[in-house]
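The following paragraphs lead through selected features of the structure shown below. Please keep the sequence and the coordinates at hand while reading.

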Amino acid sequence: MPFSSYVASNNRRGGWAHSLLPSITTRSKHPSSSSRKSRRRTALIGFLFTNLFTIALSVSLLFFFLTLFLFGIPTPLHFTSNLKPHTSRFMKPRNRKPPVLDRPRENGGVLGALVDLTTKDLYDKIEFRDVDGGPWTQGWRVGYKGDEWDSERLKVFVVPHSHNDPGWKLTVDEYYERQSRHILDTIVDTLSKDVRRKFIWEEMSYLERWWRDASENKRESFTSLVKTGQLEIVGGGWVMNDEANSHYFAIIEQITEGNMWLNETLGVIPKNSWAIDPFGYSSTMAYILRRMGFENMLIQRTHYELKKELALSKNLEYIWRQSWDAEETTDIFVHMMPFYSYDIPHTCGPEPAICCQFDFARMRGSTYELCPWGEHPVETNQENVQERALKLLDQYRKKSKLYRTNTLLVPLGDDFRYISTDEAEAQFRNYQLIFDNINSNPNLNVEAKFGTLDDYFRTLREEADRVNYSVPGEVGSGLVGGFPSLSGDFFTYADRQQDYWSGYYVSRPFFKAVDRVLEHTLRASEMMMALLLGYCQRAQCEKLPMGFAYKLTAARRNLALFQHHDGVTGTAKDHVVKDYGSRMHTSLQDLQIFMSKAIELLLGIRHEKSDQSPSEFEPEQVRSKYDVQPVHKSISVREGTAQSVVFFNPLEQTREEIVMVIVNRPDVTVLGLNWTCVPSQVSPEMQHDKSKIFTGRHRLHWKASVPALGLQTYYIASGFVGCEKAQLANLRYLSKSNQFICPPPYTCSKIVGDAAEIQNRHQTLTFDVKHGLLRKISHKNGSEMIVAEEIAMYSSSGSGAYLFKPDGDAQSIIEASGHTVISEGPLMLEVYSYPKTAWDHTPISHCTRIYNGDNTIQEFLVEKEYHVELLGEDFNDKELIARYKTDTDNKRIFYSDLNGFQMSRRETYDKIPLQGNYYPMPSLSFMQGSKGQRFSVHSRQSLGVASLEHGWLEIMLDRRLPRDDGRGLGQGVMDNRAMNVVFHILLESNISSTLNPVSNPLPRSPSLLSHLVGAHLNYPLHVFIAKKPQDISPQPVPRIFSPLAAPLPCDLHIVNFKVPRPLKYSQLAPEDSRFILTLQRYHWDSSYCRKARSQCMSVADEPINLYTMFKGLSVLNARATSLNLLHEDMEILGFTEPIGDVAQEGHVIISPMEIQAYRLALHPELLLQNTDATAVRHVDAD
């Protein structure tokens, strides 16, 4: 997505090229500070003089071998290799023992990282005064002496690029047809004319489409350019993903999809990441890239004050280390661009008015706008080349003063550039004349040329190997010497003044929710596909998975496309949002159809099934359109019949859970296997309509038990003798309208008093019934917490899709005298509120629920469901929040997650405006008091969160904004949809001492219970109902599928289990390792309940055996691989100890916080002997 020049614009833009990689050597921790030990005086002077020659020779040899040991064999200064850049091997870490952190161990046994810089320390230090720096507005007047390059010449790499958004103002298809296909054609044509020309390309979504359309000659030319190093694929993901809202599952999927296509098509594996346009950066991304084998990252959009602080100390290039990593295995090298934008005026040097003169696409007569500073580019010729070259070189030299080395990176591009041969030739022609002039003058000590990221990073590492750039006392890294180490993330981004990009954390929340639904539905479908292919390795069984494989690929790519930094962010034009939404909707429908059919095979109902044959089951929730909420299907049960309901559990532990379906009549019974009676509860369904709160349908709840990764069947029966019918809930109500109608057959009574309570075995919730709001949560152990719920709105005349710019604090919108209904039953208790507000059609209604169920996670949490409708112009310039005012003394310190993978410590600063203290909350935020009490809020979609006062936690739910915020979109956010936002709230007290959040700068981890709550919310049970009822008699065959030999430990999570590229059984090679099992081990705070309130049987302290993990499946081969499935050398991924060899024993142990992928070869232990046997009969029953 674009940017614009700082001065006013409506666009959003704001011989060493072929040398070998440096040797893998061991460096001392502080080479510059190592000093010889002084010799001691001795009385044996005569002995010394007599043996002077021998002693001197011995000492010299000792220092010679010590130098070799510490620094390795030195790299020649001017060594040239015939190897081309694309053939250079991946870097492996240097062998040095990481420094020990002199800090108390965290509870849970994980050491914090020792680093030179943290983003928290930088924020503490920076004053955020926005001082005008002159020509470089956000910096200072950069100068140089002129002798800085005498001993080490300046090596300038100008890197041509074109930023192609897969959707923003146009859809991905519109951009491709109008621009991207022509850009790729232009690249091939213009680079083929001159081997000195270089280019980089990032987005595989466009390249894959172009490859399908391109002629064979074009493909061959493109491949040749890549092989010779003229063209580098950087990143290689399907898109350049957002890093604030995207979940780590989707990030891994989108990069893997792009990288695998690239490797299969061109035989290329990217190793350099290029992320110039995401609006802030997450350390999760650095971790994922490192574990995919990437060596280097480039980033751009970080807070302008932070850039200035890093530039002042020459720390814009650093080693990014994860906050928990005491072993330096996650280290990755990062280049941060120093200026306002990635466009040409803001990349050649600190003075955009000069740099713009060297954007030759802006010459008079072109289709691009002229330079807004008044001086425009002119054609370079022999008469003006020297003057132009020196002017540009002055900028290069000034820019190089912001970095430690004399290797300089200068991007040359912008959004959708190089669209025509004329434009590309103008850039290449003019720059080559300037380079030739600079390079012909040896007195300048400069060599300038076109380059790729690989050229730049390899040359920089070579220089860092030869020249010591370390600062005394610097921790640095064993990865590459001479640079500081840093931990933390880069949120919230500000590009100028007090313009903080915290609005996009919440923009288009409806589609942020759809994104997560597609994500967990895709994951479940991948698992079913893998289980089918594992157990059904016969031609008869493969019809369904093979017939559906292309739709599964399409679903991966549609999820990947939405991770684009103008997709999940909610920052695209309305019709582009519709395109994203329609693609996701299509994939959701396809996946649900596949799952409906797959369960028939897995349960043994059918023995073979094609993609075309109809299914006996249908999903319990369906969407009629891309932009509407899913609707629960009503189960209609006739007297004497029963309806099958099948649950799929996508988690790795057996799931005990209170489940719910909608029925058309209340007098029904729930039956389990063998017609066992299952206690149940029925209550009226309610809706967001004050004139008709009850829909006339009924919610049926019961406690289900579903095996890990398995299926379980229950039956809804009418007229079954021998089991009690579902118990009716009791209703209490408060309504000033006197129009409350009690729905039959329920019993209703009025609420007495101003307060009401609901309670289960563990907690009591107290409500202010006049306002329908939660007030207090008490536990049976005597502890309690004030939780004053508030629903409020910001008025924001300056906000837009990107920016949050409130006009003041949020104001409460809830008035007394709304409608409140309390529903109480043995399994679920609920307070429903349709509050009174200043609007006749209130923008929000909400429910608060607690559950009763032995061995369920739900009995410990509070469920909040908000129905939000910011519809109509009455809500223009409004941003809606839910705020919880607790008595937790958190000192305005809280924690929010990064991509659902790790937590980040947040602190509210007075020196930053309100909007700058908002942070992304993809799935979790919590506050912790000085005595260890915690208040956690889990979300099933990405939103924004803040703690603006002591004990407060507020979460933004939706925003409606008619104005553009000046970042190029050209519109506001007005396409709001009715939606539901669900939170799971958890209150916990520590059982052992814990470090004080105020004094402890490290992130805290969730408790084990909190991890499980988040997993249950984000990976719900998938529910399917039979299309036709069956007679109660005779009793049906038990339908259960349980593939795991035992549930996995509670802190071990299956990220995915899939077959990326399904092949027909006849095409498989022996021991083909086509199954991918990706595992994550949680880190959890053991100062809270270690057993997750008795829900956990084990944790992953001991190895698990992959060979015995599945029932009825033999694992013939197992080996570790990278997260993008393309590397099997674990050193390339940063690991210092071998983890890849699991072939002999099958035992693996995963460290806390790690994600590890394995390739498996699976075969059934008992191949089926006849076609009448079910595909999984040997694992049907437990």
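T492 sits in the loop between β11 (485-487) and β12 (494-496); helices (H or I, at least four residues) and strands (E, at least two) are DSSP runs, numbered from the N terminus. This is a predicted model, in which local features need pLDDT of at least 70 and side-chain atom pairs count only at pLDDT 80 or more, whereas totals for chains, interfaces and linings use all residues. Residues are numbered from 1 along each chain as its sequence is written, and side-chain values use heavy atoms, with hydrogens and water left out.

The peptide bond that leads from F491 into T492 is cis, with omega near 5°. A further cis peptide bond, from S1033 to P1034, also has omega near 5°. P1034 belongs to the loop between β47 (1030-1031) and β48 (1040-1041).

Backbone geometry deserves attention in two other loops. Most residues other than glycine have a negative phi, and most peptide bonds are trans. Y418, although not a glycine, has a positive phi of about 65°. This residue lies in the loop between β9 (407-415) and α12 (421-439) and is buried, with a relative accessible area of 2%. Here buried means under 20% relative accessible area, exposed over 50%, and partly exposed in between (1.4 Å probe, protein chains only). N674 likewise is not a glycine and has a positive phi, of about 60°. The loop between β20 (669-671) and β21 (677-678) holds N674, which is partly exposed at a relative accessible area of 47%.

A loop residue of another kind is T856, placed between β35 (844-851) and β36 (862-868). T856 is buried, with a relative accessible area of 0%. Between T856 and K703 there are 153 residues in sequence, but the C-alpha to C-alpha distance is 8.6 Å.

The next topic is helix packing. Two packed helices are described by the angle between their axes and the distance between the axes. Axes are lines fitted to C-alpha atoms, for helices over the stretch in contact, and angles run from 0 to 180 degrees between N-to-C directions. Helix α5 (residues 204-213) packs against helix α6 (residues 216-227) at an angle of about 135°, with their axes 8 Å apart. The two helices are therefore oblique to each other; angles under 35 degrees count as roughly parallel, over 145 as roughly antiparallel, 65 to 115 as roughly perpendicular and the rest as oblique. On the α5 side the contact (heavy atoms within 4.5 Å) involves L207, W210, W211 and R212, and on the α6 side K218, R219, F222 and T223.

Helix α7 (residues 248-266) and helix α8 (residues 283-290) pack at an angle of about 40°, with axes 11 Å apart. That angle makes α7 oblique to α8. Y248, I251, I252 and I255 of α7 meet T284, M285, I288 and L289 of α8.

A nonpolar core is a set of buried Ala, Val, Leu, Ile, Met, Phe, Trp, Tyr and Cys residues joined through side-chain atoms within 4.5 Å. The largest such core has 285 residues, of which F222 and Y396 touch the most other members. Helix α14 (residues 509-535) gives the most to this core, with 14 residues. Not counting residues up to four places away in sequence, Y396 touches L154, V156, V158, C348, L408, V410, Y431 and F435. Another core, of 32 residues, lies apart from the largest one and includes V645, M686, F694 and F740.
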